[in-house]
Every structure is written in structure tokens, then in C-alpha cells.
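Subject: Structure handover

Hello,

Here is the structure I said I would pass on. My notes on what was found in it follow below.

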Amino acid sequence: MRVPLSWLREYAAVPADATAEDVMAELVKVGLEEEDVHRPTDELTGPIVVGQVLSLVKEPQSNGKTINWCQVRVVPEGAGQALSGDGIDPSGVQGIVCGAHNFVEGDKVVVTLPGAVLPGDFRISPRKTYGHVSAGMIASVRELGIGDDHDGILVLSTLGLDPEVGTDAMELLGLYDEAAEINVTPDRGYCFSIRGVAREYAHATGTAFTDPAASVVVPPGTGGGYPVRLEDGAPVYGVPGCDRFVARTVRGVDPTRPTPPWLSARLRLAGIRSISLVVDISNYVMLELGQPLHFYDLDALSGEIVVRRATAGETLRTLDDKVRTLDAADLLITDASGPIGIAGVMGGAATEVTDGTRNVLIESAHFDAVSIGRSRRRHKLPSEASKRFERGVDWHVADIAAQRAVELLLDLAGGTVDDAVTDAGQAPEPRVIELAADFPARLIGRPFDDGEITGTLTDLGAAVERTDGGYRVTAPSWRSDLETREDLTEEIIRLLGYDTIPSSLPVAPPGRGLTRGQQQRRRLLNALAAAGLTEVLSYPFVSARSNTVFGAPEEGMAAPSVKLANPLSAELGFLRRSILPGLAELARRNHSRGFRDLALFEAGAVFLPGDALGTDSIPPLGIKPDDAVLDALYAGIPDQPQTVAGLFTGHEAAPSAGVAPRAWDWADAVDAVHLMAQVTGVDVVVRQGSHQAFHPGRTAEFALRSGELLGYAGELHPKLIAAEDLPARTVAFEIDVDLLFDAAADVIVARPLSTYPAATQDVALVVDAAVVAGDVLEALREGAGELLEDVSLFDVYTGPGIGEGSKSLAFALRFRAPDRTLTAEEASAARDSAVAGAAERFGAVQR
């Protein structure tokens, strides 16, 4: 909403020297957001004055153009030129070359003198052109930045003006005014008017407010006005689409009269283009009072006006010259010819006001916000009217706005008004809210005395009646957002100032801090980030296919999911059973933008419904449910274990000179899980695994020593990679960290570091090709005894020298004693013991 300051000053006590920035600073105090400042003088500076053309000589040019060599008086006749500077003629008569031809001798025009600056940083200076020195410019509307018309220069008589020569044209055209632009949130629709903003400014500054609606005297209705019938056969949620329709008739208006500069200047600063006097008046009243109006050409109407819902097959050509197919839920304004407007959104072309309109019917109606909002979205047709109606318009201002429009039409466009008035509809019951005296203090956390509560609510426009336990508050008609005691309390503290709420930091009880789970989670996530992975956050909404593929290890296995009642899109209609679909989407989006080397991880909940999901009914509000009801509610909530998942694509590092980057592979995903186990102090078992989302043969399965499955790591399945449009060899992992944390020790005790050197022994064992390398490694670890510090697989070989159906596994064993340096014999003995254990379990033969 753009608020011209000159307009705001008519209804609020804005200091004469206050700028748009000052006004916005005050409005911020009451919760309005500042957006921008619109100040014509930022791009337009004088001297710009009223001039009179004394003579013009048409001079044809060799290029085919004809220019006018003009002598223009820019000071009153007989007066001296008070300005000075390069190109300013002391006689007060300027010689100017002009290419426009829509003016004659004697016309008064706008002259930009040397030294002036026009929008676009166009500086006016004397220059030689077409054989003359042109000292200034006769300006058009577009050159002044006040419109789009560039067909000719601005002749002031076309605006109904006859000012004295030498008058400051910027002041004459309202160009010294400025506007503050504020953002109006959906619950503050009343601020889409000067009336509403002026009231808020008065709240913020504690100054006087003059309600523009109070100054309009509405004559008593005599009835017998233009016939109107309200007929809604399909109200939305039982609320009629139109509950008030005021119609007034003005006859004999002069459509040729120009819009006064003061009115067009205010509209322009408010962001609305001046169209014609009659249309400009309707927009002016809407901005002033917040009530959208629609003007009909009375002579184009046929029969009574009926406000009804559309019927199948009806169409309407709207004012934007588009034929729209109407929906049965659309609220229409109709006459005997059919639809003549989509109520509250846009009128029809057949009855629009034109340059030939002499008789005008004014519509000032109140429409249901939901109906208007749905029609606006359905037809993708935003308008200034719909913007206000779908946020709530004051029911009681409809007749006032109509009368204000009548007065402006009579004053500016002439004509006469019919005494008969149409006012169809019935006033709604005022909204009454009970407010306990202690409720604001309990909700906000600071005391409120009686004067603060009654004073702020009264300033708000509400009627306050004291009761035994508090107050009975009748909400003002323009505040449709006030429905509950919480709404009233919010308004009280908003007007008193949020800065009056005391703040204090909570004191942590001694010995308290992060819980065990919080400590473990923080330690684990910090370790992954320190290892070079980037933490991300994805949406928990996925498709049914994603839940089936990522949420079940085997193809065809049931994967029950939680279906959303109101999903963001039909494709993403379920809560996730795995975090990996979200990571895959993030990776795909990053790849499409050129980011290909990724190592991502996310920690969050997955949703695994059990046999029961939800309850048959919802407990009533305001009553604490008993234990049985609570147990049923908890039983209907899906299990939500915390998991951590990661995904790697591309290379470990970006390519650089002399360095061949290493591609991420399955081992990196496995190492990430080992890191998670290490920082939580949990001994995990890794073995060959199988999951439909992972590559067969390149999948690791992680479990606790107790046998509980933690999750999977490895390379994603090639078919899945192709379906998800991911790079080849994308690797990933996902681990149930709730199980990991449960298995973790409360205190992780670091093992003592031996200062003695290690003894390393390598061993190559030939085993059956079906034997899992991890099982052989575990057999070596168990057989080696206490001296074994570490064992790792570093080579797998099949081929010449190895029998058919066998493979060679090479392991590195590191031995160390805490109290001495091991001898070669001791290390060899431990190695032989390890080999013996593998031979006993798997028939391993040392190469």
C-alpha cells in the first residue's frame, strides 16, 4: 500500500516536515512493515515553471520533419526574471525548439528551464539544434514522469488549469508530494486504505485521528432505487456471497472533464494509473475508505441487477477484453442480458464506463472474502478490488463510500443525483468477545491495568463494557480479524508496544545441560561435518514409489506409509520412510545447476506406521483427556525413529593442476558409518547386505553385536540412479541412530596409548569364493588374542595361482603390547594363532 503524505495529513496529525521515512518509522511500531519510498523529486528537479507560448514558427527541415521555433514567456508579463544561470534569459522569454504540434500560440504549458533534471537523469541545458539555441524544453507528460502519454506536450488547459505564468509547475502538478509504501499482511486488510493507515499512525504516535467516513453525511434512504436482488443458491460454508448492495444513480455527468491534477497526482503516488475522471473517482474513494466501487454505464444496463452464482456454460468478457468461462462457484453481477461482472473481482466490458457515458450507476457492495478469493485464484485475475475484499471490507462503509463517490462526481463531473437509494441486505450481528481481566497478563507475561486495557481497545475502535470478571468487547466493524480473546490481547500489546514486555534469561538448574541423546547427536553430526560432509535439510514429503523403493529392503515387501490429508502436491502425498529420497532430489537439483561434487548428509525422523494409525475421533477442546484417551492417541502416532543418511556424487575434491581427483565410491559410504560408530563408541558388525535401492554386491549391512539391524551403505542401484537422474556410481548410507545411541556407553573411555612400537604382519589366505571377507576378518581378530591392535583387508585376488571357485584375501595385522616391545617371535605366534582360527572356521589356507 502506497500512502501519499499529503493525503495522510488530512486524517492524521503528521508533522509538516515529516518525510516518508519518518512516517514508516512510526508505522513500524504498530506492526506494519516498511517497503519503499516514492518521491518524484528524487528524479525530477526544477526550475520547472508554467510558460505561455507567445509565438511559434513552423520550420520544415531537410530530414522531412517540421519543428516549431517558439518564444515562451516564463515570468508574469512586466515582471523581471528572478532566476539566473546559463541559458536563463533575463527578459523572461525563452527561445525553445519543439517538435510537437498539439499546441498553439497562447497555450499555457510546462517549461523545463536550463538547470532542470528530468527522470532518467536527463539534464536540461541550452543547446544548438536546427539552427537555433534552444534554452529549455516544453515537456510532455511522459517526460515529466507523470504518465505514459508522449503524443504531444502537456497543455494545461486540457487539465482544466489556467495558472499564472511563472507558477511552479511541480507544485501545481503535486510533484513535491511523496508516498510511504508499506507491506500489509493478510490480517490487516483495513490498512489497504488511507483511513486505516491514518488510524494506525494515530495509534503509533498518540496523536489525533479524523475518520474520513465520519465526515460523509449519508442522506436517509428513500427506497425506489435501481432494482437489485441478492440471490445465492450455493453459499460457501453457509455464508452468502453478497450481504449488502448499495446502488446510487448520477445522471448527466460530463465525460470530457479532465481529472484534476491533485487527484491524479495522489492516484499516481498510490500506484494507480489515471484513466478518466469517472474511473479515477471510483479508485480514489476505494483508496480513501477501503471500499471498492464499481461504476456502470446506466444506459447499458437492462433490467434488475441480480447477484447470484454462475450456471454451467456462462461466459463473460471482462474489462481486460478476455472472454472467461465461468465456474458454478463464481459469484456474479447480472442483469437481464446475463453476467455483467465477476463480483468483487472485475466488471464486464458490456457495461463499462466509456468516454460517452452520461449516466452512472454506482455499486458499493459487501462480498464474502472466501468467494472472492476463490474466484480471483480460479481466473488468475488479481485486482485492487479483490485484494481488499478477500482480506475483509467494513460492511458499514458501503453507503458512505457510495455517497462520497456521489459528492465527487457532482463536484468534478457535474450532473445530478437521484434521490432514490438502493440498499439491499441486512446488517450482520456485531462480534462480541468476552475477555477475562487477568487473561492478557497470563498470556503476555506482564501486568495490565484497567486503563491500559480499556484505553487501547477503545482507541482501536471497539466498544468496551465492564463485567464482573472482565470485559465484554464489541469488535469494530472494520476489524474482521478480531474473533477471540487472544486477538484482543495481541492488539493490546501491539498498541502499548512489544518493548514493554519484560525479558529475562532462564536460569538453568545446577547440573543440567544437554541430555545424553542431545550430546550424542551433536557429537555425531559434528564428526560428519568435520569429515567434509555438508548438512542439508529436505522436505519429509515423498511419493509412494520412493517409500516403496527406499523404505523396504526387498522388492515386493510391504512398506506401510502415512498418507497426507492435504499434500502440497499429489505426487508427494506421503511422509517419508527414508531420508534418501530427499537427498536424491537435492543432489539432482544441485547437479542441474552445475554443482556435481557433493557429499551431503541429513539427520531427521522417518515415519513408520504400525497396525493402528490415528484415532476414530478427536478429543474435545478445553478438557484434558483421560489416560485411556491419551494412550489411544499415542498408539495412533507412527513410530518416528531418528536416522542419519548421506549421499555422495562426483569426486572427493575439485580437479586441479597435477592432481587427478578421486571419485567417491562405496568405501566412502562405509567409512562414514564406521566414523559414526567410532564417535559414539559402539562396536558394529559390517557384512555383505542386500537392499533393493542398492547395487547387488556393493552393499554393506551394519548391525549391532546383539544382532539389531542399523542400516545400509554402498552404491545405489543403477536402475534407481537412472530413474532418479543421478550421476553414475552415486553412493549413500542410512543408519538408525536411535539404535546406535541406545547401544552407546554413557561414558566413552579412551584406551591408553602404548608408547611401544607396533609389529606389522601380513597374511594372505585362500578361502572359498562364497566366504565373506568380513567373516574371515572377524575370525582373525578373535584368534589373534589381546596383542592384536588392528586388522584390515587390503587385497582380494582371483585368477592364476588360485584354484577355481576360490579367492585370496590379504590382511594387514598390527600387534602392540602396552608394556614392552614385541619380539618377532611373539608377533608371529599371534599371527599364526589368528590364521589357525580362520582355518578352523573357514578352511582357510595360507598362501
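**Arginine 244 and its contacts**

The side chain of arginine 244 comes to 3.0 Å from the backbone oxygen of tryptophan 395. Please keep in mind throughout that this is a predicted model. The arginine 244 side chain also has a polar contact, at 2.8 Å, with the side chain of aspartate 423. Arginine 244 belongs to strand β14, which covers residues 242-251. Its relative accessibility is 6%, so arginine 244 counts as buried.

**Salt bridges**

The whole structure contains 58 salt bridges.

Glutamate 314 and arginine 308 form a salt bridge through their side chains, with an N to O distance of 2.7 Å. Here both residues, glutamate 314 and arginine 308, are buried.

Glutamate 491 and arginine 494 are both buried. The pair is also part of a network: salt bridges with shared partners link Arg188, Glu200, Arg479, Asp481, Glu491 and Arg494.

**Surface patches**

Which residues gather in a patch of negative charge on the surface? They are Glu33, Glu34, Glu35 and Asp36. Of these, aspartate 36 is located in strand β2, residues 33-38. Aspartate 36 has a relative accessible area of 40%, so it is partly exposed.

There is also a nonpolar surface patch of about 290 Å², formed by Tyr237, Val239 and Val370. Valine 370 is in helix α8, which spans residues 369-378. With a relative accessibility of 31%, valine 370 counts as partly exposed. Tyrosine 237 is in the loop between β13 and β14. The relative accessible area of tyrosine 237 is 67%, so this residue is exposed.

Valine 236 lies in that loop too, between β13 (228-230) and β14. Valine 236 counts as buried because its relative accessibility is 12%. Along the chain, valine 236 and valine 370 are 134 residues apart, but 7.4 Å separates their C-alpha atoms.

Arginine 831 is in helix α22, residues 824-842. At 18% relative accessibility, arginine 831 falls under the 20% cut-off and so counts as buried.

**Backbone geometry**

Most residues other than glycine have a negative phi, and most peptide bonds are trans.

Where is the cis peptide bond with omega near 15 degrees? This bond runs from glycine 46 to proline 47. Proline 47 is in the loop between β2 and β3 (48-60).

Tyrosine 130 is a residue other than glycine with a positive phi, near 50 degrees. Its position is the loop between β9 (127-129) and β10 (132-134). Tyrosine 130 counts as partly exposed because its relative accessibility is 32%.

Tyrosine 237, already mentioned for the nonpolar patch, is not a glycine either, yet has a positive phi of about 55 degrees.

Regards

Technical notes:
Residues numbered from 1 in each chain as written. Predicted model: local features only at pLDDT ≥ 70, side-chain atom pairs only at ≥ 80, totals over all residues. Heavy atoms only, no water. Patch = residues over 30% accessible without salt bridge, like charges linked within 9 Å, V, L, I, M, F, W, Y side chains within 5 Å. Areas by Shrake-Rupley, 256 points an atom, 1.4 Å probe, with all protein chains shown as cover. Salt bridge = Lys/Arg side-chain N within 4 Å of Asp/Glu carboxyl O. Lys, Arg positive; Asp, Glu negative; His and termini not counted. Charge placed at Lys NZ, Arg CZ, Asp CG, Glu CD. Helix = DSSP H or I, 4+ residues; strand = E, 2+ residues; numbered from the N terminus. Buried < 20%, exposed > 50% of the residue type's maximum accessible area, 1.4 Å probe, protein only. Polar contact = N/O pair within 3.5 Å; in protein donor to acceptor, adjacent residues only side chain to side chain.
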